[in-house]
Amino acid sequence: MANRTDPMARNIRGTNPQNLVEKIVRTKINSTIYWKEQCFGLTAETLVDKAMEVDHLGGTFGGNRKPTPFICLVLKMLQIQPDKDIVVEFIKNEDYKYVRILGAFYLRLTGTDVDVYRYLEPLYNDYRKLRLRLSDGNFTLTHVDEVIDQLLTKDYSCDIALPRIKKRWTLEALGSLEPRRSALEDDFEEEEEKDEEDQLANDADENENDYYRGRSPTRERDRDKKRDSHRYRDRDYDRDRDYDRDRDYDRDRYYERDRDYDKDRGRGRDRDRERDRERDRYRVREERDRDREGRERDRRDWERGRRRSHSRSRSRSRDRKDYDGDERRKRHGRSSASPRRRGESLGDVVMRDEPRKKKEKKEKKEKRDDGTDHPDPEIAEANRLRASLGLKPLNV
């Protein structure tokens, strides 16, 4: 029951007010002795006494992340949800600075955007020192205006995620807020007015002194001398300037002539270099053409000699075949004439020799079809190779 939110409390930003503190931090706060002993049974009236006893601010610290009394009181305010007037009185309290920071922190968590800027921005003028406990347990020094700036510009403070609020210029554009006026602006305006009055007084004194000073004869004489000296000095300056200009012009012409000469000489060197490069390219091209012609001539001679040797070897083989065939026919005609069988006539012998002649004729035709008897020895050799591979002969 001690950790539950007041039943009369309203939701903040659509959720339970205690949910504005992360659950792990809320669990650590509920398990501390300070929460159980000092914060039990507090109301909006008695909360002020506990807030005046706070001597530092901070979130959680140490290795086990122990919460500070400041963050425990923030959670207690979220639990009981005091009225807005009480929170505003906390913020306006000038005697107890930690009470003021406690009210500002609670308003930053639960207040509207306009209320946050309206009640927290005046605290920029509070420069009192505060003790801040760091996460490692050590203390450091800060100020009220620094804490307020952190609440208005940062997303986290005292280990609690701050709700998002609109930027100030957005609210000014919507007409919800008036432009911020600095407390030092009046002092600046007074200083500016004082400076303007002093400037006017000094200008008036200078004009009066110039009036009386201008009517003195000695002043007139001195002014004329000064004017003459200025005139002579200007004339000398003009003469020196003309001399310097002429000297610069001559020097520029000299340098320009030298540049033109160097440019022409460089252009001539570029032409010679290009001519030598072109001559080298032409020589390389001639050598390449000469080498190509020599290779072509060697290849033609080699092919001519190959064809000649082929034709010579083929003619020799053809002569040998013709000679062997004639000898075989002569011997066959003399001794291998197949005798007639008994009772066979000449017609029977002719009919018996017909299949053999057809077979020979067919073999000749096949030989002629495979292209091996081509007159060109190269084509005949290629057809013989293709026939061994089972390919069609060349039709040439």
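The following questions and answers concern a predicted model of one chain.

Reader: How many helices and strands does the secondary structure of the chain come to?
Author: The model is predicted, and the chain has 396 residues, of which 25% are buried. Its secondary structure comes to 13 helices and seven strands.

Reader: What share of the contacts with a separation of 6 or more is made by residues 24 or more positions apart?
Author: The count covers contacts in the chain with a separation of 6 or more. Of these, the part that joins residues 24 or more positions apart is 61%.

Reader: Which strands stand at the edges of the open sheet of three strands?
Author: The sheet is open, with mixed pairing and the order E1-E4-E5. An edge strand here has a single partner strand, so one side of it is left without a neighbour in the sheet. The strands in that position are E1 (57-58) and E5 (139-143).

Reader: Which residue in E4 is the bridge partner of leucine 57?
Author: Strand E4 covers residues 129-133 and runs parallel to E1, to which two bridges join it. In E4, the bridge partner of leucine 57 is leucine 132.

Reader: What angle does the direction of helix H8 make with that of E5?
Author: Helix H8 (residues 144-153) packs on the sheet and touches both E4 and E5. Its direction and that of E5 make an angle of about 85°.

Reader: Is phenylalanine 105 buried or exposed?
Author: A search of the whole structure finds one aromatic pair. Phenylalanine 70 and phenylalanine 105 form this pair, edge-to-face, with 5.8 Å centre to centre and 80° between the planes. The pair links distant parts of the chain, with phenylalanine 70 in helix H4 (residues 69-80) and phenylalanine 105 in helix H6 (residues 97-110), 35 residues apart. Buried means under 20% relative accessible area, and phenylalanine 105 has 1% relative accessibility, so it counts as buried.

Reader: Why does phenylalanine 70 count as buried?
Author: The cut-off for a buried residue is under 20% relative accessible area. Phenylalanine 70 counts as buried because its relative accessibility is 2%.

Reader: With which side chain does the side chain of aspartate 301 make a polar contact?
Author: Aspartate 301 lies in helix H11 (residues 217-335). Aspartate 301 is partly exposed, with a relative accessible area of 40%. At 3.0 Å, its side chain makes a polar contact with the side chain of arginine 304.

How values were computed
Residues numbered from 1 in each chain as written. Predicted model: local features only at pLDDT ≥ 70, side-chain atom pairs only at ≥ 80, totals over all residues. Heavy atoms only, no water. Helix = DSSP H or I, 4+ residues; strand = E, 2+ residues; numbered from the N terminus. Buried < 20%, exposed > 50% of the residue type's maximum accessible area, 1.4 Å probe, protein only. Contact = heavy atoms within 4.5 Å. Pairing = 2+ DSSP bridges. Axes fitted to C-alpha atoms, helices over the stretch in contact; angles between N-to-C directions. Polar contact = N/O pair within 3.5 Å; in protein donor to acceptor, adjacent residues only side chain to side chain. Phe/Tyr/Trp six-rings, centres within 6.5 Å; stacked < 30°, edge-to-face > 60°.
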